[in-house]
Amino acid sequence: MNNETRAAVDSRAAAHSRSTFRVAAYAAATWATVFSLVHLYWLFGGRFGLPSGLSIRGNTPLLVIDILAVPLCALAAALALALHLDWGARLPARLLTAGLLGVAALLLLHAAPSIPDWAALAAGTRTSTDLDAMSKFSTLLYEPFFMAGGLLFALASLGRRATRPDGRHHDGNRIGLDGVRKR
């Protein structure tokens, strides 16, 4: 394979990689926005998606969590968008990466305790009828949503090293086809 062919293949692979990370970043931002809106809905008294009889307003710890979740989800969405929008290039790369990895870790750690339940359900040693209403809500809806968000933010954070559409790395340097940073 000559140098021109290798450069073309590398260029296509890099573009595909950037596209994957861009999709993950926008999906993570969408996830966080949807979750923020769900928490806002619950904060204003909505009950759809909650176990029967549960109200956020009637439960002080859940109310506090909801109040905190709305702006935190909005911040998480902004972090994901910062990866691929021009204004994001002004953020320190390490801070952006730390924020994205922090969001991913928090979401994955939140979902981790449900993994044994998922495994038992998948293995057939438990059925959904073995779960009470709150456990069903948590195991079948809420925690998988957290897991999906954590995986999206983790994948998006990997794209931080990808170049922006203007050919610059997020630290402001250009990346050549050879993968070397140039000022």
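This is a predicted model: local features need pLDDT of at least 70, side-chain atom pairs count only at pLDDT 80 or more; totals for chains, interfaces and linings use all residues.
Residues are numbered from 1 along each chain as its sequence is written. Local features need pLDDT of at least 70, side-chain atom pairs count only at pLDDT 80 or more, totals for chains, interfaces and linings use all residues, and side-chain values use heavy atoms, without hydrogens and water.

Helices here are DSSP runs (H or I, at least four residues), numbered from the N terminus. Helix α2 (residues 60–82) and helix α3 (residues 93–111) have axes that come within 10 Å and cross at roughly 130°; the axes are lines fitted to C-alpha atoms over the stretch in contact, with angles from 0 to 180 degrees between N-to-C directions. The two helices are therefore oblique to each other (under 35 degrees is roughly parallel, over 145 roughly antiparallel, 65 to 115 roughly perpendicular, the rest oblique). Ala76, Leu79, Ala80 and Ala82 of α2 meet Leu96, Gly99, Leu100 and Val103 of α3 in the contact (heavy atoms within 4.5 Å).

Aromatic rings of Phe, Tyr and Trp (its six-membered ring) pair if their centres lie within 6.5 Å, with planes under 30 degrees apart stacked, over 60 edge-to-face and the rest tilted. The count is 9 aromatic pairs. Phenylalanine 35 and phenylalanine 145 form a tilted pair, 5.2 Å centre to centre with 45° between the planes. Phenylalanine 35 lies in helix α1 (residues 3–43) and phenylalanine 145 in helix α5 (residues 133–158), so the pair ties together parts 110 residues apart in sequence. Phenylalanine 35 is buried at 6% relative accessibility, whereas phenylalanine 145 is partly exposed at 28% (buried is under 20% relative accessible area, exposed over 50%, partly exposed in between; 1.4 Å probe, protein chains only). Trp31, Phe35, Trp42, Tyr142, Phe145, Phe146 and Phe153 form one aromatic cluster.
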